[in-house]
Amino acid sequence: MNQVKFYASMLAGTFIVALSFTLLQGPNQIASGGLTGASLVLSYVFHVPSAIILFVTTLLLLIVCCYFLGLHSILKSVVGSLLIPFFIYLTSKFPPLTDDPLLASIFGGLGVGVGLGVVFRAHGNTGGFTLIAQILYKRKSIKQSTSIIFMDATVMIAGGLIFSPEKALYALVGAFVTRKTIDIIQGKNKGSKVAYIISSKEYEKGITESVLHGLDRGLTKITGAGGYTNSERVIMMTVLDQLKIKDLKSMVQEIDPHAFIIFCEATEVFGEGFPPAFPPSYSKKLISSDMA
């Protein structure tokens, strides 16, 4: 049943992404980042359909990633990576919904966000720049979030140069709408969890690297000792979104199958990487009143 739900979510999510691209973003030259946005720019330059470019680049990327990351690491990316160009090809003859670039950027971004949100909720992914980011992290230790932002920005700038600067601004609007929609679909406003990972000293580095760079979350280490064996233990504490819990479990268990993980509700979290406790203006008022 879980497999059926996974593939149904992948089909629905990638179809929504492809439809948003075909009906809204593509016809209005809105390249809002990602491999799809890059295919739109390349399609205009080389006069080849976006679906063909996306399919070829995706296949090449999967082959390269298989070499650098291993077949096991990219298995979850294969389905989503290939479904998007397939659905874009199937829907390529559909007439566009609008020729207004502002509407196309807003509603195209909304559609892509909904589609990707459905895929991510099923713990799937659509490959693309995410795979390149994984290679860069493995080879150069560059944070995945940093490299994805850089690649998306490069696509939008290229769109601005090839199409027009105005189209690049519309692409930025679309990217913003997509990001916010994904957050809503994933339920990122539903609170966070505190995870305590208890593991042996020998696995400390691997787990730390996975949390810091694989999940892009901070981590605090506490030294402890086993009550029965009295052997030295490392307790690693991190705060993360609820939807990343499954990823954390998989990462930790792959490194240390005997690790002990405790999850607790985080009633309120603020600080780096989380919303501030008070707006900056409110904090300044408190400081001013204390000094008065």
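The crossing of helices α1 and α4 is right-handed, a term applied where the near helix is turned clockwise from the far one by less than a right angle, anticlockwise being left-handed. Helices (H or I, at least four residues) and strands (E, at least two) are DSSP runs numbered from the N terminus. The model is predicted, so that local features need pLDDT of at least 70 and side-chain atom pairs count only at pLDDT 80 or more, whereas totals for chains, interfaces and linings use all residues. Residues are numbered from 1 along each chain as its sequence is written, and side-chain values use heavy atoms, with hydrogens and water left out.

The axes of α1 (residues 2-25) and α4 come within 8 Å and cross at roughly 45°; axes are lines fitted to C-alpha atoms, for helices over the stretch in contact, with angles running from 0 to 180 degrees between N-to-C directions. That angle makes α1 oblique to α4, since angles under 35 degrees count as roughly parallel, over 145 as roughly antiparallel, 65 to 115 as roughly perpendicular and the rest as oblique. On the α1 side, Tyr7, Met10, Leu11, Thr14, Phe15, Val17, Ala18, Phe21 and Thr22 meet Val79, Gly80, Leu83, Ile84, Phe87 and Ile88 of α4, contact being defined as heavy atoms within 4.5 Å. By class, this contact has twelve nonpolar, three polar and no charged residues. In this scheme Ala, Val, Leu, Ile, Met, Phe, Trp, Tyr, Cys and Pro count as nonpolar, Asp, Glu, Lys and Arg as charged, and the others, Gly among them, as polar.

Glycine 80 is placed in helix α4 and counts as buried because its relative accessibility is 0%; buried denotes under 20% relative accessible area, exposed over 50% and partly exposed in between (1.4 Å probe, protein chains only). Apart from neighbours within four places in sequence, glycine 80 is in contact with Met10, Thr14, Asn125 and Thr126. Its C-alpha atom is separated by 4.2 Å from that of threonine 126, 46 residues apart along the chain. Serine 20, in helix α1, is also buried, with a relative accessible area of 7%. When residues up to four places away in sequence are not counted, serine 20 touches Gln25, Gly108, Gly111 and Val112.

Helix α6 has twelve residues and reaches 16 Å from its first C-alpha to its last, close to the 16 Å expected at 1.5 Å a residue; the expected span is 1.5 Å times one less than the number of residues. Phe129, Leu131, Ala133, Ile135 and Tyr137 are buried in α6, and the buried residues of this helix pack against α2, α3 (50-69), α4 (71-90), α7 and α9. Just after α6, serine 141 takes a positive phi of about 60°.

Helix α7 (residues 144-162) has 19 residues and reaches 27 Å between its first and last C-alpha, close to the expected 27 Å. Its buried residues include Met151, Val155, Gly159 and Gly160, with cover that includes α2 (34-46), α6 (129-140), α8 (165-186) and α9 (204-214). Glutamine 144 of α7 counts as buried at 17% relative accessibility. Beyond neighbours within four places in sequence, glutamine 144 is in contact with Ala133, Gln134, Tyr137, His213 and Gly214.

Over the protein chain, the secondary structure comes to eleven helices and four strands. Buried residues make up 41% of the 292 residues. Among contacts between residues at least 6 apart in sequence, 73% join residues at least 24 apart.
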